[in-house]
Amino acid sequence: LALLCAGCGAPASSAPSSSGGASSAPASSAPASSAPAQETAALGEYRAMWVSYLEWESFDFSSEAAFAADADEMMQNCADMGLNVVIAQVRPFADALYPSELFPWSHLCTGVQGQDPGFDPLAILLDSAHSHGLELEAWLNPYRVRLNATRPAGELSADNPAVLHPEWVKEVDGGLYFDPSLPEVRQLITDGVLEILRNYDVDGIHFDDYFYPTTDPSFDAAEYTAAASGLSLEEWRRENVNLLMRQVYDAVKAQDPTVRFGVSPQGNMDNNYNSQYSDVSLWMAEGGYVDYVLPQLYWGYGYTTGSGSTRYAFENISAEWAALERAPSVALYFGLGAYRIGDGDGGNYAAAQSGWQTGHTLADMVATGRQLGADGYVLYRYDFLFKNGAWADLAAQEVENIRAANAE
């Protein structure tokens, strides 16, 4: 899953917890701020598509006109499905698909990080989305600078904040990540969000699930000792992430209360809480952290793992998320794995494999979400529905069935 889902960050070991994971976890000691609830009546059911940096690898950045043509085709396809939101990844690696005073140009634009493509991709995406009746959210990775030795390709730009401030950065297994414990890092991330909101009429800010990259105590041992917080290491790390989420939420609402701020955690709540130190159940239950939570529920109906006796199926995990307490201001959307089409979940359960070969599994999941009271869904990701060379016919059937479900 880590390889297939490189744009969303769900690791291969992420099997959903059968108990929700964090139900008995301690809450943050700091009070959450309050802010107006996001008004979504005009939008109705949230129906969205993730467009990751992997999509940009096949876009034509050779000219403004070529990029605009690719964007227009994408937005038209999403609108024709009956979707109403596109979540576009515009800062995957402490870089930007827009002119920024804080982050260098993404290597995705020209092949070289820091090199200006001569036009503004985000402005084009935004104009194209709105012209097709779609809302557009800016998808950011808060802490990730480098995923591994090849992503992003090439050298980091000299003006990348990770290069300018190496003391803000930690290395894990060939990847580079900003240290979540540092106030300077939280301020950089917040300033980056505000830069987008001040320059673009985006409809939302979206974080995915790249939070703490490791559980290794040595990752931030010096910072933890210096903090002398009185909290356990795990509690301290969770509070560092909570501080970021509150700070960004408050900044978004102060800038424009109508803009959504949401997060897409892993489907496995135990992984979120104990591996990435993101207290998602707290964010859902209390106002002042997010407008929506969008768990990545990338398992088929009837899926099992191990000996086959443990059920990590979509019907189980979706019900568990729907049953979690959430504040009136917090919406719940289900992230659905379009990349499973044809290939299935793997594992040892034949029904889960064959389900992804019916051409209507995603539409069935949309129906399940509606029955459970979810507020919408998001599909991961565009290319697996519209550029799926291996399973083009099945993908086309899934698109048509989702279109029909949206027309009901």
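I begin with Asp345: a polar atom of its side chain lies 2.9 Å from the backbone nitrogen of Gly300. The Asp345 side chain also makes a polar contact with the side chain of Trp356, at 2.7 Å. A polar contact is a pair of N or O atoms within 3.5 Å; within protein, one must be able to donate a hydrogen and the other to accept it, and residues adjacent in sequence count only if both atoms are side-chain atoms.

This is a predicted model, numbered from 1 along each chain as its sequence is written. Local features need pLDDT of at least 70 and side-chain atom pairs 80 or more, while totals for chains, interfaces and linings use all residues; side-chain values use heavy atoms, without hydrogens and water.

Asp345 is buried, at 8% relative accessibility, where buried means under 20% relative accessible area, exposed over 50%, and partly exposed in between (1.4 Å probe, protein chains only).

I turn now to the aromatic rings. Rings of Phe, Tyr and Trp (its six-membered ring) pair if their centres lie within 6.5 Å; planes under 30 degrees apart are stacked, over 60 edge-to-face, and the rest tilted. The count comes to 27 aromatic pairs. One of them joins Tyr143 and Phe211, which are edge-to-face because their planes stand at 70°, with the centres 6.2 Å apart. Tyr143 is buried, at 0%, and Phe211 is buried as well, at 1%. Tyr292 and Tyr333 form a tilted pair, 5.0 Å centre to centre and 40° between the planes.
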